[in-house]
Structures are given as C-alpha cells and as structure tokens.
Amino acid sequence: MEQRINEGYVITDSVHVGSAEFVIGQNETKYGTMYVTWRCSNGTDYYWGHYFDDHFAAQKDLVARAQEEVQYLDAKRQSQEQQKPPKKKERER
C-alpha cells in the first residue's frame with residue numbers, strides 16, 4: 001500500500017467507521033515529533049485537524065473521534081427504525 005502524506009504528515013494509522021475515515025499523521029520537525037488526527041474523505045481530503053505533541057494523546061483522540069461517529073450512526077439508525085410504520089400482524093385463524 002502506498003504511503004499517504006498530507007501537509008508533511010505521514011499517515012500512520014486509520015480507522016474506518018461507516019463511510020468516515022479518521023487518521024493519525026506524524027511529522028518529524030526540528031522541534032520534535034508532532035501528531036495530528038484528521039477526518040478524511042476519499043483518502044485524500046483531510047480536514048478538522050486536532051494537533052498534538054504526544055503520540056498517545058493523538059491515539060486517544062483518534063479512538064474518541066471514531067467512537068463519536070459510532071454513536072452518531074447508532075442514534076441515526078435507531079431514529080430511522082422508530083420512524084418506520086409498524087408491521088401489520090396477521091390475524092390468527
């Protein structure tokens with residue numbers, strides 16, 4: 001698989017939830033290693049960055065963002081199920 005790079009950050013980890021992808025990027029700078037988590041679309045469009053100087057903090061953020069998406073999708077699914085009309089029951093003969 002080809003290495004992905006965005007704004008100088010090498011993408012090191014990713015999590016897919018539904019159609020969403022969340023990634024961690026790592027950038028070696030003269031000030032030390034920096035990390036970022038982004039939401040990503042189409043494998044090339046990175047946005048809503050959260051920046052860190054600690055790898056574990058970035059990992060926690062990645063997992064939290066993925067969990068938020070899971071909760072959103074679960075609530076959406078439950079809402080859609082509640083809006084469906086109830087199934088008709090056949091009368092017993």
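How many helices and strands make up the secondary structure of the protein chain? The protein chain comes to 1 helix and 5 strands, where helices (H or I, at least four residues) and strands (E, at least two) are DSSP runs numbered from the N terminus.

## Basis of the model

This is a predicted model, in which local features need pLDDT of at least 70 and side-chain atom pairs count only at pLDDT 80 or more, while totals for chains, interfaces and linings use all residues. Residues are numbered from 1 along each chain as its sequence is written, and side-chain values use heavy atoms, with hydrogens and water left out.

## Overall form

Along the sequence, the elements of the protein chain follow the pattern β-β-β-β-β-α. The radius of gyration of the protein chain is 20 Å, whereas a compact globule of 93 residues would have one near 12 Å; the radius is taken over C-alpha atoms, and the globule rule is 2.2 Å times the number of residues to the power 0.38. Along the principal axes, the C-alpha atoms fill a box of roughly 80 × 25 × 20 Å.

Of the 93 residues, 27% count as buried. Buried means under 20% relative accessible area, exposed over 50%, and partly exposed in between (1.4 Å probe, protein chains only).

## Strand β3 and its partners

Strand β3 (residues 20-29) is largely enclosed by the rest of the structure, because 7 of its 10 residues are buried. On one side of the sequence, strand β2 (residues 9-17) pairs with β3 in the antiparallel sense over 7 bridges; two strands pair if DSSP finds at least two bridges between them. Within this pairing, Val23 in β3 is the bridge partner of Ser14. β2 and β3 form a hairpin with 2 residues between them, and Gly18 in the turn has a positive phi of about 60°.

Strand β4 (residues 32-41) also runs antiparallel to β3, and 9 bridges join the two. Ile24 stands opposite Thr37 in β4.

## Residues with positive phi

Which residues other than glycine have a positive phi? Glu7 has a phi near 50° and lies in the loop between β1 (5-6) and β2. Glu7 is exposed, with a relative accessible area of 66%.

Trp48 has a phi near 55° and is placed in strand β5 (residues 45-52). At 56% relative accessibility, Trp48 counts as exposed.
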